[in-house]
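Please look at the sequence and the 3D structure below before reading on.

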Amino acid sequence: MKNLFKTNVGRLRLIGFLEGTSLLMLLFVATPLKHFYGYPHLSTTLGTIHGALFLLFVFNTLSVGVEQQWKFKVTTWKVLLACIIPFGTFYIDKTILKKIEL
């Protein structure tokens, strides 16, 4: 776990995990609470947290893409697309990011 903080790829993996988890919580917990039970507070709070993590993920992806010299049409767009698809960041972590950090 401490190794994740030492490299840009490690930080991107950590932010990806947090961003993916916040997206899933927003979709499967906060949104149903808001629409079915009339409890919008969790959705508002979690939406703000997810938005901040989303921006961090995008900026760090671009930073790692420049550092690793990724071609945008080959790798970078896949990583950026992953943050809008549920479970996408976990898939990208396993298929792309984990291999880079070896």
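## Terms and basis

A residue is called buried when its relative accessible area is under 20%, exposed when it is over 50%, and partly exposed in between, with a 1.4 Å probe and protein chains only. The model is predicted, so local features need pLDDT of at least 70 and side-chain atom pairs count only at pLDDT 80 or more, while totals for chains, interfaces and linings use all residues. Residues are numbered from 1 along each chain as its sequence is written, and side-chain values use heavy atoms, with hydrogens and water left out.

## The chain as a whole

The protein chain has four helices and zero strands. Read from the N terminus, its elements run α-α-α-α. Helices (H or I, at least four residues) and strands (E, at least two) are DSSP runs, numbered from the N terminus.

The C-alpha trace of the protein chain spans about 45 × 30 × 20 Å along its principal axes. The protein chain has 102 residues, of which 36% count as buried. A contact means heavy atoms within 4.5 Å. Among contacts in the protein chain with a separation of 6 or more, 59% are between residues 24 or more positions apart.

## Helix 2 and its neighbours

Helix 2 has 27 residues. From its first C-alpha to its last, helix 2 reaches 39 Å, close to the 39 Å expected at 1.5 Å a residue. That expected span is 1.5 Å times one less than the number of residues. Buried residues in helix 2 include Ser43, Leu46, His50, Leu53 and Phe57; Val58, Thr61, Val64 and Gly65 are also among them. The buried residues of helix 2 pack against helix 1, helix 3 and helix 4.

Two packed helices are described by the angle between their axes and the distance between the axes. Axes here are lines fitted to C-alpha atoms, for helices over the stretch in contact, and angles run from 0 to 180 degrees between N-to-C directions. Helix 1 and helix 2 pack with their axes 8 Å apart, at an angle of about 155°. Helix 1 is therefore roughly antiparallel to helix 2. Angles under 35 degrees count as roughly parallel, over 145 as roughly antiparallel, 65 to 115 as roughly perpendicular and the rest as oblique.

The crossing of helix 1 and helix 2 is left-handed. A crossing is left-handed if the near helix is turned anticlockwise from the far one by less than a right angle, and right-handed if clockwise.

The axes of helix 2 and helix 3 come within 10 Å, and they cross at roughly 165°. Helix 2 and helix 3 are therefore roughly antiparallel to each other. Their crossing is right-handed. On the helix 2 side the contact is made by Phe57, Val58, Thr61, Leu62 and Gly65, and on the helix 3 side by Thr76, Val79 and Leu80.

## Helix 4 and its cover

Helix 4 covers residues 88-100, which is 13 residues. It reaches 17 Å from its first C-alpha to its last, close to the 18 Å expected at 1.5 Å a residue. Helix 4 bends by about 45° at lysine 94, where the bend is the angle between axes fitted to the seven residues ending there and the seven starting there.

Which residues of helix 4 are buried? They are Gly88, Thr89, Ile92, Asp93, Ile96 and Leu97. What covers them includes helix 1 (8-37), helix 2 (41-67) and helix 3 (72-82). Threonine 75, in helix 3, is buried because its relative accessibility is 15%. Not counting residues up to four places away in sequence, threonine 75 touches Trp70 and Ile96.

## The loops

Glutamine 68 lies in the loop between helix 2 and helix 3. It is partly exposed because its relative accessible area is 32%. Leaving aside neighbours within four places in sequence, glutamine 68 is in contact with Val9 and Ile100. Glutamine 68 and threonine 45 are 23 residues apart in sequence and 34 Å apart in space, C-alpha to C-alpha.

Most residues other than glycine have a negative phi. Glutamine 69, in the loop between helix 2 and helix 3, has a positive phi near 55°. Is glutamine 69 buried or exposed? With a relative accessible area of 66%, glutamine 69 is exposed. Phenylalanine 87 lies in the loop between helix 3 and helix 4, and its phi is positive, near 70°. Phenylalanine 87 counts as exposed because its relative accessibility is 51%.
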